[in-house]
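Visitor: I have a structure open and would like to go through its side-chain contacts. Can we take it topic by topic?

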Amino acid sequence: MRLLQVGTGMGAAALLVGLLAAPAQAGASGTEEQQDVAQTAQDLRGAGWSLKETGKTVRFRGLAAVSRSTAWVAGSKGTVLRTVDGGRSWQDVSPTGAVAEGLELRDVEAFDERRAVALSIGEGEASRVLRTEDGGATWTETFRNPDPRAFYDCLTFFDARRGLAMSDPVDGKFRILSTDDGGRTWRVLPSEGMPEALPGEAGFAASGQCLVSAGPRDVWLATGGGATARVLHSTDRGLTWRVAESTVPAGDPARGVFALAFRDRTQGLAVGGDYRTGQASPQAAALSADGGRTWSQASTPPPAYRSGAAWYPYGRGTALAVGPTGTDVTTDGGHSWRPLETGSFDTVDCAPASGCWAAGEKGRVARLEPR
C-alpha cells in the first residue's frame, strides 16, 4: 500500500519461558541448538528481546528467521543484513543496485544461510524481486514490475521452489505473481479466481506479512483501507480465492489487517489497527480456527496498533505480536494478549525449530532470549 511506502509482562514472560524449556523434554530427538536454548531457559526466570547491534540506522521491515543463529533483515535504502552467529556480528550483503537506487526492501524470505529472495516495493518498476544463492555476495534481479498500476507489497514461499508475491489491486483485483523455481522466474497468475476488491482496499507493506502461507498449497492475503478489513484464502497456491471479513476495524486508508500468521491450515491470527501515531486501535487482533473462513475478535487484544505476528514454535497456543509501542504475547491461541515488554519493532519471525527474531526502526534487531 502506498501509504507505507516511505515507512512510516512478566507473567506472560514466565509462561513463555516454560515453553522455551519444552525441547529439553524431547531428549535425544532435540537438536543441540534446541537443547542449549532449553538449558538456558531452565536457569532464568524471564524471556524478552535481546538487542543485537547492527551498526545501521535504517528501518527493517523485512525479516527471515532461519534458526537461532541465522537471520536475514531487509529495509530502507536497499539494505540487507545477514547474521550466522546469533546476531553477534552482521554482514552487510545489500544488493549494489538496490543501494544505489535507494529501494525500499520490505520483505525477505530465506531458505537457509545462503539462499534468499527479497522484495522491493513501490509503483511500477520500483517493485522488484532479487535473489541470492551465495549468502548475499551477489544478487540477481529476477522480476521488475512493468505495470505502472501495480504496487507489490509482500511475498511468501511454500517451499524452496514455489512462492507467490502480491500486488495492490489492478483492474479491481489483487494481482498475484508466482514462481515454481525458487524465485528465478515469475509469472502473473490469471485473475479469474480472485474476488473483486473493495473501493480503496489494498495491502500494507509494513512487515512482510500481508501474504503468508502454511503447508504446500494454502496461502492468505490481508487487506485494509476499504470499508472492512478482509482476509482472502487460497487452497491452490493462488489460483482461486475465498474472502472473509475480519473483526479488525477498517474504513480508513490507515486501518486494517497489517499482518497474518498461520500455525497450520486452520489456526490463524490477524493483527493491525490504525498505524498513525496517537490513533486508537481497538480490536487490533482477531483469530480463526477454520483456516480463515471465519474470524472472531480477541477478548483481550493488544493495547495498540500491531504490524507483525508470529507463532512461537514450542507452544500450541503461543504467539507474539509487535508494533511501535511494544510486544505482546498470547498463550491461548490469540484469545487474550498480554504485554511482554515495550520497545519498537515492525516485524517478528520465528524459525520452525528454534529462534525468534524481531526488527524495526533505527536498525533495531533483537532475538528472543531467556533472562
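Visitor: Which residues do ring pairs link into a cluster?
Guide: Phe 204, Phe 258, Tyr 275 and Tyr 305 are joined that way. Bear in mind that this is a predicted model.

Visitor: How many aromatic pairs does a search of the whole structure find?
Guide: The search turns up twelve. One of them is the pair of Trp 72 and Trp 139, with centres 6.4 Å apart and planes at 85°, which is edge-to-face.

Visitor: Where do Trp 72 and Trp 139 sit in the chain?
Guide: Trp 72 is in strand β3, residues 71-75, while Trp 139 is in the loop between β8 (128-132) and β9 (140-144). The two are 67 residues apart, and the pair links distant parts of the chain.

Visitor: Are Trp 72 and Trp 139 buried or exposed?
Guide: Trp 72 and Trp 139 are both buried.

Visitor: And Trp 220 with Phe 262, why is that pair called stacked?
Guide: Their ring centres are 3.7 Å apart and the planes make an angle of 5°, so the pair of Trp 220 and Phe 262 counts as stacked. The cut-off for stacked is planes under 30 degrees apart. Trp 220 belongs to strand β15 (residues 218-222) and Phe 262 to strand β18 (residues 255-262), so the contact ties together parts that are 42 residues apart in sequence. Trp 220 and Phe 262 are buried too.

Visitor: Which charged end sits over the ring of Trp 72?
Guide: That of Arg 82, at 5.9 Å from the ring centre. Arg 364 has its charged end over the ring of Phe 345, 4.5 Å from the centre.

Visitor: Changing topic. How many disulfides does the structure hold?
Guide: Two. Counting bonded cysteines along the chain, the pattern is 1-2, 3-4. Cys 154 is bonded to Cys 210, with 2.0 Å between the sulfur atoms. Cys 350 and Cys 356 form a disulfide as well, also with sulfur atoms 2.0 Å apart.

Visitor: Why is the disulfide of Cys 154 and Cys 210 right-handed?
Guide: The torsion about its S-S bond is about 120°, so the disulfide of Cys 154 and Cys 210 is right-handed. Cys 154 lies in strand β10 (residues 151-157) and Cys 210 in the loop between β13 (187-188) and β14 (211-214), so the link ties together parts that are 56 residues apart in sequence. Both of these cysteines, Cys 154 and Cys 210, are buried.

Visitor: What about the link of Cys 350 and Cys 356, which hand does it have?
Guide: The link of Cys 350 and Cys 356 is right-handed, with 110° about the S-S bond. Cys 350 has 12% relative accessibility and counts as buried. Cys 356 is buried at 2%.

Visitor: Which elements give two or more residues to the lining of the largest pocket?
Guide: β2 (60-65), β6 (104-110), β10, β14, β18, β22 (308-311) and β26 (347-350).

Visitor: How do the residues of that lining divide into nonpolar, polar and charged?
Guide: The lining of the largest pocket has 24 nonpolar, seven polar and five charged residues.

Visitor: Backbone now. What is phi of Lys 77?
Guide: Phi of Lys 77 is near 60°, a positive value in a residue other than glycine. Lys 77 is in the loop between β3 and β4 (80-83), and at 56% relative accessibility Lys 77 counts as exposed.

Visitor: And Asp 171, where is it found?
Guide: In the loop between β11 (163-170) and β12 (173-179). Asp 171 is not a glycine, yet its phi is positive, about 55°. Asp 171 is exposed, with a relative accessible area of 63%.

Technical notes
Residues are numbered from 1 along each chain as its sequence is written. This is a predicted model: local features need pLDDT of at least 70, side-chain atom pairs count only at pLDDT 80 or more; totals for chains, interfaces and linings use all residues. Side-chain values use heavy atoms; hydrogens and water are left out. A disulfide is a pair of cysteine sulfur atoms within 2.5 Å. Helices (H or I, at least four residues) and strands (E, at least two) are DSSP runs, numbered from the N terminus. Buried means under 20% relative accessible area, exposed over 50%, partly exposed in between (1.4 Å probe, protein chains only). Rings of Phe, Tyr and Trp (its six-membered ring) pair if their centres lie within 6.5 Å; planes under 30 degrees apart count as stacked, over 60 as edge-to-face and the rest as tilted. A charge sits over a ring if NZ of Lys or CZ of Arg is within 6 Å of the ring centre and within 35 degrees of the ring normal. Ala, Val, Leu, Ile, Met, Phe, Trp, Tyr, Cys and Pro count as nonpolar, Asp, Glu, Lys and Arg as charged, and the others, Gly among them, as polar.
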